[in-house]
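Hi,

Here is the structure I promised to pass on. Have a look at it first, and my notes follow below.

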Amino acid sequence: MLEPYEGKLSRTVLRRGRASNRSFLFDKLKEGKIKVFTTDNKQIALIKKDNEVYAISNECPHEGCPLKSGTLDDFTLKCGCHNWGFDIRTGENVDTGEYIDMDDPKVETFETKVENGIISVLL
Ligand code: FES
């Protein structure tokens, strides 16, 4: 079951959610802004960048800080806690000059699709 996490987008999501996909209105997402929604057991961050939509886990693999509070620079989302960086297209770690004490840190990503102005995230 989809639960609201924040803002108007989540309420829209509730009306448009489907059993296996979670759907959203493309026009409600602002370029470069991050919106978070919850599923049964995880938080997903949606990011519109260059008119594409990316979906990644909202949980930083370092110490679990919410990536929503980070900053987006081009396609790199930098965690607000210790500045580790992740490519929103692949989830791969991006070298931000911070020491990484973990093998292959990566954020989970999810496939997205936009049809008739509605975003679907394959979970
Ligand atoms: S919790 Fe994200 S970099 Fe430390």
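A definition before anything else: I call a residue buried under 20% relative accessible area, exposed over 50%, and partly exposed in between, using a 1.4 Å probe and protein chains only. On that scale Thr109 is partly exposed, because its relative accessible area is 30%.

Now the provenance. This is a predicted model, so local features need pLDDT of at least 70 and side-chain atom pairs count only at pLDDT 80 or more, while totals for chains, interfaces and linings use all residues. Residues are numbered from 1 along each chain as its sequence is written, and side-chain values use heavy atoms, with hydrogens and water left out.

Two more conventions for the strands. Helices (H or I, at least four residues) and strands (E, at least two) are DSSP runs numbered from the N terminus. Two strands pair if DSSP finds at least two bridges between them.

**The sheet with Thr109**

Four strands make an open, antiparallel sheet, ordered E2-E3-E4-E9. Its edges are strand E2 (34-38) and strand E9 (109-110), each of which pairs on one side only.

Inside that sheet, strand E3 (residues 43-49) runs antiparallel to strand E4 (residues 52-57), and six bridges join them. Leu46 has Ala55 in E4 as its bridge partner, and Ile47 has Tyr54 in E4. The E3 and E4 hairpin has two residues between the strands, and Asp50 takes a positive phi near 50° there.

E4 is mostly covered, with five of its six residues buried.

As for Glu92, it sits 17 residues from Thr109 in sequence and 9.4 Å away in space, C-alpha to C-alpha.

**The other sheet**

Another four strands form an open sheet, in the order E5-E6-E7-E8, with antiparallel pairing. The edge strands here are E5 (71-73) and E8 (93-94), each pairing on one side only. Strand E7 (residues 85-87) is joined to E8 by two bridges and runs antiparallel to E8. In that pairing, Phe86 stands opposite Asn93 in E8.

Over to you!
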